[in-house]
Structure formats: structure tokens, C-alpha cells
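Please look through the sequence and the model before reading the points that follow, and keep both at hand while you read.

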Amino acid sequence: QDTAAKSPNNGRARFQLAFAQWQNGNCAEAAKNYAAAEKMQAPDDRLYIDWAHALDCLNQPDEAVAKLREAIKIKPSALAYAQIGMIYGKRGHSEEALVALNQAEKIDPGFEMTYVYKGNLHAGRGDHAAASAQYNRALAINPGNETAKQALAISQQQLRPRHPRLTVTERRGSVIRSIVDRRNPRAVVSRKIISASCSTSAGRH
């Protein structure tokens, strides 16, 4: 910030200030300084991508996508396309998101976040098996990707079989039987004897 203040016309310093502000969650000021940096120097794809992050943080998805497309004009990258896919995915525009993510994968199959965002698309539709497959692709590239790890854990939990829920009547009956059993242990023994007798009688017929 001091550097930017001392050199108000230094585009690089303004760019670095904007990035620091975005990291600290001050997205509004970051967006203003990215705009200022654009006027001070020949913008590169990185400036537009980072500017898009700030705009997305401000809940301005259309403006963010527009900056990402500016970045793509300068240098098509998996990062820029994946970010477009992520933004469309958050808005529920699955088809547009998938087109962008497929393009990201085509440019660089080794960019792991493409598969994280694809997994998020599947998870949003409730297809946790497909989501898990995509998260695993990301982790195969980078086993340390915490976002992929956490998303995979959630999807795998959704895939685990769930026990059927008891009705209110069934729950009440279970509680009552438990109370009776604790108060009268002989009743438990009697039921076991009756049950065994019934099983033996059934076997004789």
C-alpha cells in the first residue's frame, strides 16, 4: 500500500495492492485498484483473471465473466475457462459451465481445479458417484488439494446407505419395550423362551 501511495501512477504497484486487498477480503477496493492498474499499464491476462476474482467476490458474475473473456483474448488458459465454469456453475447454468470446463480440460488436462468444478456440477445435481469420480481425478493430479478432499468426503458420505427412519409409533414402541425390559428382566428371558419354542414348533410341522 505504501508503494502504491508513493507511486500513484505505477500500474504494477497498483496491481499488487489490489491483489493484497482481495486476499484480505476487501473486494470493493481491490476491484477499483484493478481498474486503475488497467489504465496505467498494458493489461495482461493475469490482471483480468484476478480482477474477475474480485468481481465474483462482489457478487457481480456477469462482470467477472466479461473480465475472464478479456483474459482469454490475450492468452487462452485452463485457469480462465475453469473460472468461467465455476461462476456459471454457482449460478445454476450447468450447460454453459460444462462447455467452459471441457474447454479448460482440453487446454490443460493437468489443471486439477477443472475436475473439482466438474465434481461440484455433478454434486449439485445429486449425482455423488459422478462427483466423486471427478474429485478423485483432481486428487490424482494433486493429492494435497484440500478443496477436492473435503468435497470428496461430503459426496462419499452421501453415497453411504442410510438406515430407514422409524415412524413415530415405531419409536414410541421401541422406547416402551426398552423401559419394560429394564424394569422386568424376566420378561426378556420369557420372550426368548417363547420365541425359541415357536421356532421349534414351526420346525416340527
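The notes below concern a predicted model, and they take up a helix and then some aromatic rings.

1. Helix α5 covers residues 61-74, which makes 14 residues, and it reaches 20 Å from its first C-alpha to its last, close to the 20 Å expected at 1.5 Å a residue.

2. The buried residues of α5 are Pro61, Ala64, Val65, Lys67, Leu68, Ala71 and Ile72. When the helix is viewed down its axis, these buried residues fall within an arc of 160 degrees, so they line one face of α5. The partners against which they pack are α4 (45-57) and α6 (78-90).

3. The structure holds 3 aromatic pairs. In one of them, the rings of Phe19 and Trp22 have centres 5.7 Å apart and planes at 45 degrees, so this pair counts as tilted. Both residues belong to helix α2 (residues 11-23), where they lie 3 residues apart, about one turn of the helix. Phe19 is partly exposed, with a relative accessible area of 28%, and Trp22 is also partly exposed, at 27%.

4. Tyr48 and Trp51 form a stacked aromatic pair, with 6.1 Å from centre to centre and 10 degrees between the planes. These two residues are separated by about one helical turn, because they are 3 residues apart in helix α4. Tyr48 is buried, with a relative accessible area of 6%, and Trp51 is buried too, with a value of 6%.

5. Which ring does the charged end of Lys67 sit over? The ring is that of Trp51, and the charged end lies 4.0 Å from its centre. Lys67 is itself among the buried residues of α5.

Note on methods
Residues numbered from 1 in each chain as written. Predicted model: local features only at pLDDT ≥ 70, side-chain atom pairs only at ≥ 80, totals over all residues. Heavy atoms only, no water. Helix = DSSP H or I, 4+ residues; strand = E, 2+ residues; numbered from the N terminus. Expected span 1.5 Å × (residues − 1). Buried < 20%, exposed > 50% of the residue type's maximum accessible area, 1.4 Å probe, protein only. Arc of directions from axis to C-beta. Contact = heavy atoms within 4.5 Å. Phe/Tyr/Trp six-rings, centres within 6.5 Å; stacked < 30°, edge-to-face > 60°. Lys NZ or Arg CZ within 6 Å of the ring centre and 35° of its normal.
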